[in-house]
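Open the model in a viewer and keep the selection panel at hand. The stops below are meant to be taken in order.

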Amino acid sequence: MTVRRSVMLGCGSYLPSRILTNADLARTVDTSDEWIVQRTGIHERHIAAPGETTSHMAVHAARAALSHARVDAQSIDLIVLATSTPDNTFPASAVSVQADLGITHGAAFDLQAVCSGFVFALAAADGLLRSGAFSRALVIGAETFSRILDWTDRGTCVLFGDGAGAVVLDAQELAGTRKDRGILTVRLRSDGRHKSKLYVDGGPSSTGTVGHLRMEGREVFRHAVAMITDVVEEAFKATGTTVADVDWFIPHQANKRIIDGSAHKLGIAPGKIVTTVDRHGNTSSASIPLALADAVADRRIKRDDLLLFEAMGGGFTWGAALVRW
Ligand code: UT7
């Protein structure tokens, strides 16, 4: 008997050209390169140009992923775009991506789970592909957090950056074992009791404004490692795999201390961690596909490698996925 799996055919990413360094930030808020590097591991981040929107970046990343996968845009019948910074309140930025790619069939929608958005979007696309409703998907994480930051708040404005990453998922009939390529499992969690620890103080139905990001950083930090390791253990259990089977750990890139702490608690060797937070900052839902594309481009990741994705963010939401490349 075979099972329907979502196989990753390729990936791609996009970063805006403008780089904002810690030294640049130290000129506008009371911070220092030393503080930012020591507390977060971030050295620099990319910032979208005026007029450069989330959907623009998403289209660049999507085209790169299609080219890497060697498939035509017309073969895509599902687009799931994870973002908390859409171009407009509606319609979904995913439909702009669809139109820019010249696709008029299938379906496209946005999904909002803040920094866990890419993992949630993978789960949504995987479920829709495995159900037989769709056959080939673009899953994208794209963000312009620079537009919702309070640039006078040193506790948050130093942490985030802009960017986009995408993968192509293809529904294939495979043996149904953990040796299969593709998504082996995605585990999702959320707990709204923590909703006020990381939020945006605006929105269409509350203030009628876009608002700014607010975070109790220490509180988020306090929960992060335990939540991440918990959901990763769930993913191992669901697939009968162990940490020894993981070739590459591709975490959400919020803070190097959270990444290293989670890897240490899980028993993942430092050499297996893909880290981009130093160059990208926290790009929210874009961070995992950006890191994936980095490690695929420099050929660290090879076919049949087992990849472990995890993320945690506003809500709180958190999740993990095991994917054989
Ligand atoms: O992706 C979504 C999930 N988000 C996260 O995962 C973020 C989780 N949180 C964090 O990464 C960390 O909590 C931060 C990096 C945000 C902060 O690091 P921390 O070690 O938790 O520092 P803290 O908030 O406890 O602040 C320590 C001190 C404070 O000064 P006092 O009160 O001790 O005098 C802050 O005012 O550092 C001060 N501070 C800064 N100093 C220089 C806060 N931001 C800055 C800054 N530059 N940019």
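Which residue just after α3 takes a positive phi? In this predicted model, select Arg70, where phi is about 55°. Arg70 is not a glycine and sits in the loop between α3 and β4. With 77% relative accessibility, Arg70 counts as exposed.

Step back to helix α3 itself, residues 54-69. At 1.5 Å a residue, its 16 residues should span 22 Å, and the end C-alpha atoms are 22 Å apart, so the two agree. Colour the buried residues of α3, among them Met57, Val59 and Leu66. The partners that the buried residues of α3 pack against are β1 (3-14), β4 (78-82), α4 (93-100), β6 (136-144) and β7 (162-174).

In the loop between β4 and α4, select Pro91. The peptide bond leading from Phe90 to Pro91 is cis, with omega near 0°.

Next, show helices α7 (residues 217-239) and α8 (residues 256-266), whose axes lie 9 Å apart at an angle of about 40°. That angle makes α7 oblique to α8. The crossing is right-handed. Residues making the contact include Phe221, Ile228 and Val232 of α7 and Ile258, Gly261 and Leu266 of α8. By class, the contact residues are eight nonpolar, three polar and three charged.

Move to Ser284, in the loop between α9 (277-280) and α10 (287-297). Ser284, not a glycine, has a positive phi of about 55°. At 1% relative accessibility, Ser284 counts as buried.

The last stop is Phe316, between β12 (306-313) and β13 (317-324). Gly315 and Phe316 are joined by a cis peptide bond, with omega about -10°.

Note on methods: Residues are numbered from 1 along each chain as its sequence is written. This is a predicted model: local features need pLDDT of at least 70, side-chain atom pairs count only at pLDDT 80 or more; totals for chains, interfaces and linings use all residues. Side-chain values use heavy atoms; hydrogens and water are left out. Helices (H or I, at least four residues) and strands (E, at least two) are DSSP runs, numbered from the N terminus. The expected span of a helix is 1.5 Å times one less than its number of residues. Buried means under 20% relative accessible area, exposed over 50%, partly exposed in between (1.4 Å probe, protein chains only). Contact means heavy atoms within 4.5 Å. Axes are lines fitted to C-alpha atoms, for helices over the stretch in contact, and angles run from 0 to 180 degrees between N-to-C directions. Angles under 35 degrees count as roughly parallel, over 145 as roughly antiparallel, 65 to 115 as roughly perpendicular and the rest as oblique. A crossing is left-handed if the near helix is turned anticlockwise from the far one by less than a right angle, and right-handed if clockwise. Ala, Val, Leu, Ile, Met, Phe, Trp, Tyr, Cys and Pro count as nonpolar, Asp, Glu, Lys and Arg as charged, and the others, Gly among them, as polar.
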